[in-house]
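Reader: I would like to learn how to read a structure of this kind feature by feature. Could we take the general idea each time, and then the case at hand?

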Amino acid sequence: MHTDRDVADALGIHSGYCIAWRPRYRFVSMSTDLPLAELSSAESLLVAAGRDRRPGAPLNRPPVPASNFVLGTERAYARDDGTPTWEALEEIVGLLEGGHTVAFASGMAGVAAVFDQLRAGSQIVLPDDCYQGVAGLAESGRQKGFWSLRRLAVDDTEGWIRACADADLLWLESPSNPLLAVADVRAICSAARKPTALVAVDNTFATSLNQRPLDLGADVSFQSATKFIGGHSDLLSGVVTVRRDDLRAALRRSRELNGATPGALESYLAVRGARTMALRLERAQANAMVLAERLQAHPRVALTRYPGLSSHPTHPVARAQLKGFGTIISFDVRGDAAAADAVCSRVRLIHHATSLGAVESTIERRAGIPGQEHLPPSLLRLSVGIENVEELWADLASALRDE
Ligand SMILES: *Cc1c(COP(=O)(O)O)cnc(C)c1O
C-alpha cells in the first residue's frame with residue numbers, strides 16, 4: 001500500500017501541490033480499488049487496472065525512473081520496494097491471473113527467480129519440448145550439481161503424475177514451444193506431491209486470456225511479458241504470479257538479491273501493450289486458425305501443428321483447457337532445411353525474425369537453435385500477427401511456391 005506522499009513523490013509532484021490532491025484521500029492501487037473488484041472480464045481489467053483514480057492523477061501511470069525515494073514510507077529503494085510503474089504491470093497481470101504478480105527484468109529473470117526457490121539437491125522435471133532458455137538454465141544448474149533434471153513428454157500425463165511423487169519443481173509449458181503440445185495441467189496439478197513441491201506453468205503461449213494456471217491448480221504461473229503482454233517487440237519483461245503470500249515474498253526477495261528488476265520504460269510499455277492485448281489476441285488468433293487450416297491443406301506442407309486443428313494430437317485437452325488456441329503455428333515444409341530456409345527468405349509481409357506474440361507476424365526455422373535439436377529440420381514456427389489474413393496468406397502461399 002502506498003500513501004499519498006509516496007505517490008506524489010514518485011510522480012515528482014512537489015508536496016505543496018498535495019492540497020489539491022486531497023492528501024487525506026486514501027490511495028489504494030490494488031484490487032480493492034473501485035471498480036476493479038467488480039470486473040470479471042479480462043477485457044475490462046486490461047483497460048481499467050493499474051491506474052490511479054484520484055482527482056488530478058494522470059490517467060496513465062507514468063514511467064518512474066527512480067532508484068531512490070524520500071524516506072518516511074514503505075518505499076525507500078526501488079530494487080527492494082518496487083516502483084509505481086512496475087506495480088501497475090503487477091496489478092494488471094495479478095488481476096488477470098487471480099494472484100499476486102512479481103515483475104522481472106525479462107522472462108528469463110522470472111524463470112531464474114522460480115528456480116531460485118529450490119534447495120540444493122532438488123529434482124526438476126521439464127517437458128521434452130520447451131523454451132530453449134528454460135532448458136538451458138535447468139541444464140546449466142544440473143551440470144554444476146545444483147539439482148537433478150528429468151525430461152518428460154508434454155502429453156505424458158501419467159508420467160507427470162508419477163513424477164509428482166519425487167519432484168521438487170514440475171515446470172510445465174503448455175502449449176509447448178514449438179510443437180504446441182498441450183499438457184493436462186489440471187490432472188497433473190491434482191496429483192499428490194511433496195508439500196514443498198512446486199508446479200509452475202509457462203503460460204507465455206496461452207497468455208492469461210486463454211488459460212489461468214492458478215485456477216487449474218498450479219502454484220506458479222509465469223509469462224514472458226516480452227511476448228503478448230508487450231505485444232510490439234519493443235521490450236523485455238517477465239511476470240510471475242502466485243497465490244501464496246510466502247511465495248510472493250520469496251520471489252520479491254530473489255528479485256531484490258539478484259537485482260532482476262524491471263526497467264521503468266519497459267514496464268510502462270508493457271502496461272501500454274496490455275491495454276490492447278485482448279483485441280490483438282482475438283484478431284491474431286482468428287488469423288491463426290485460418291492460416292493453420294490452409295497450411296494443413298497445402299501440398300508443400302508435410303505437417304501442420306496448431307492446437308485448434310482437430311488433427312492435432314492434444315486437440316481434445318486443448319479444447320477442454322484453453323479458451324482460445326493461440327497465435328503460434330508450426331509446420332514442416334516438404335523437403336530439407338534449405339527448403340524451409342527458402343520460405344523464410346521469400347516472405348515479404350511476414351518478417352523473418354524470432355520471437356512471437358507481437359502485432360507483426362514473424363517466421364523462423366527452429367531446428368538450428370541450440371536446445372532445439374529435437375525438431376524436424378524443416379520445421380518453421382509462425383507467430384501470427386494482426387495483419388489482414390488474406391494478405392498474410394498470399395505472402396505465405398507465394399513463399400511456399402515451388403522453385
Ligand atoms: C520468450 C520466452 C521465454 C523467455 O522470456 P524472455 O522475455 O525472452 O526472457 C520463456 N518462455 C517462453 C515460452 C518464451 O516464449
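Author: Let us start with burial: a residue is called buried when its relative accessible area is under 20%. Please keep in mind that this is a predicted model. With that cut-off, the buried residues of helix H6 are Gln 132, Val 134, Ala 135, Ala 138 and Gly 141.

Reader: How many disulfides does a search of the whole structure find?

Author: A disulfide requires two cysteine sulfur atoms within 2.5 Å, and the search of the whole structure finds zero. Cys 130, for instance, is in no disulfide, since the nearest cysteine sulfur, which belongs to Cys 189, is 17 Å away.

Reader: Is Cys 130 buried or exposed?

Author: Cys 130 counts as buried because its relative accessibility is 1%, and Cys 344 counts as buried because its value is 2%.

Reader: Where does Ser 176 lie, and what does it touch?

Author: Ser 176 lies in the loop between S4 and helix H8 (185-189), and it counts as buried because its relative accessibility is 0%. Leaving aside residues up to four places away in sequence, Ser 176 touches Asp 129, Val 154, Ala 181 and Phe 205. With Asp 129 there is also a polar contact of 2.6 Å between the two side chains.

Reader: How many residues surround the ligand, and which are the closest?

Author: The ligand is surrounded by 13 residues, of which the closest are Met 108, Asp 202, Ser 224, Thr 226 and Lys 227. A polar backbone atom of Met 108 is 2.7 Å from an oxygen atom of the ligand, while an N or O atom in the side chain of Ser 224 is 2.8 Å from a ligand oxygen. For Thr 226, a polar side-chain atom lies 2.6 Å from an oxygen atom of the ligand. Taken alone the ligand exposes 380 Å², and the protein buries 94% of that. The elements giving two or more residues to this shell are H5 and strand S6 (220-224).

Key. Residues numbered from 1 in each chain as written. Predicted model: local features only at pLDDT ≥ 70, side-chain atom pairs only at ≥ 80, totals over all residues. Heavy atoms only, no water. Buried < 20%, exposed > 50% of the residue type's maximum accessible area, 1.4 Å probe, protein only. Helix = DSSP H or I, 4+ residues; strand = E, 2+ residues; numbered from the N terminus. Near = heavy atom within 4 Å. Polar contact = N/O pair within 3.5 Å; in protein donor to acceptor, adjacent residues only side chain to side chain. Areas by Shrake-Rupley, 256 points an atom, 1.4 Å probe, with all protein chains shown as cover. Contact = heavy atoms within 4.5 Å.
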